[in-house]
Amino acid sequence: LNDPQKYSYMMSKKILELNPLHPIVRELNALVKADKANPLATELALSLYDSAMLSSGFSLEDPSAFSDRIHRLLKRTLKVDPDAAVSEEDLTELEKSEPVEDDKKDDDVETISADEDLPEKDEL
């Protein structure tokens with residue numbers, strides 16, 4: 001470790017370890033085995049990789065691609081048309097509505113469990 005060049009190499013090396021028994025990895029593997037060109041499997045695999053990068057403290061090479069991918073997955077999960085946009089009618093209605101008073105303090109923020117109301121895998 002006396003050689004700074006070797007130390008630099010070790011610091012930047014990224015290793016992704018997957019637990020093949022984890023339910024997410026198993027389901028992802030099943031999607032790929034069923035159809036190697038499945039776009040959902042690709043989106044999920046890339047999201048898994050990017051989230052592992054973030055949770056390990058690394059920066060993403062393309063944060064906007066990650067954000068776009070998450071939005072597509074959210075739309076798919078929530079059954080929102082991928083091409084849906086805010087209409088002029090919705091904007092006009094929003095502008096006419098009165099502002100809502102926020103009675104909650106920061107301490108009163110509700111925490112939602114990740115396990116609440118998740119769709120079944122066949123609904124994705």
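Arginine 69 sits in helix H4. Helices here are DSSP runs of H or I with at least four residues, strands are E runs of at least two, and both are numbered from the N terminus. This is a predicted model, in which local features need pLDDT of at least 70, side-chain atom pairs count only at pLDDT 80 or more, and totals for chains, interfaces and linings use all residues. Residues are numbered from 1 along each chain as its sequence is written, and side-chain values use heavy atoms, with hydrogens and water left out.

**Overall make-up**

- The protein has five helices and zero strands.
- From the N terminus on, the order of elements is α-α-α-α-α.
- Of the 124 residues in the protein, 10% are buried. Buried means under 20% relative accessible area, exposed means over 50%, and partly exposed lies in between (1.4 Å probe, protein chains only).
- Among contacts with a separation of 6 or more, 38% join residues 24 or more positions apart. A contact means heavy atoms within 4.5 Å.

**Helix H4 and arginine 69**

- H4 has 15 residues and spans 21 Å from first C-alpha to last, close to the 21 Å expected at 1.5 Å a residue. The expected span is 1.5 Å times one less than the number of residues.
- Phe66, Arg69 and Leu73 are the buried residues named in H4. They lie on the same side of H4, because they cover an arc of only 65 degrees around the axis. That arc is taken from the directions from the helix axis to the C-beta atoms.
- H3 is included in what covers the buried residues of H4.
- Arginine 69 has a relative accessible area of 7%, so it counts as buried.
- Neighbours within four places in sequence aside, arginine 69 is in contact with Glu43, Leu46, Ser47 and Asp50.

- H3 has 17 residues and reaches 24 Å from first C-alpha to last, close to the 24 Å expected at 1.5 Å a residue.
- Leu40, Ala41, Glu43, Ser47, Asp50 and Met53 are the buried residues of H3. They pack against helix H2 (23-34) and H4.
- Alanine 52 is also found in H3. Its relative accessibility is 22%, so alanine 52 counts as partly exposed.
- Alanine 52 and leucine 16 are 36 residues apart in sequence, and their C-alpha atoms are 7.8 Å apart in space.

**Second largest pocket**

- The second largest pocket holds about 210 Å³ of space. A pocket is an open set of points on a 1 Å grid over the protein atoms alone, where a 1.4 Å probe fits, with protein on both sides within 12 Å along at least five of seven lines; lining residues have an atom within 4 Å of a point.
- Its lining is Pro39, Leu40, Glu43, His71, Arg72, Leu73, Lys75, Arg76, Lys79, Val80 and Pro82. Helix H3 (39-55) and helix H4 (63-77) are the elements that give two or more residues to this lining.
- H4 gives the most, with five residues.
- The lining divides into five nonpolar, one polar and five charged residues. Ala, Val, Leu, Ile, Met, Phe, Trp, Tyr, Cys and Pro count as nonpolar, Asp, Glu, Lys and Arg as charged, and the others, Gly among them, as polar.

**Lysine 79**

- Lysine 79 lies in the loop between H4 and helix H5 (88-96).
- Lysine 79 is not a glycine, yet has a positive phi of about 60 degrees. Most residues other than glycine have a negative phi.
- The relative accessible area of lysine 79 is 60%, so this residue is exposed.

How values were computed:
Grid points are joined across faces, edges and corners, and a volume is the space filled by probe spheres set on the points.
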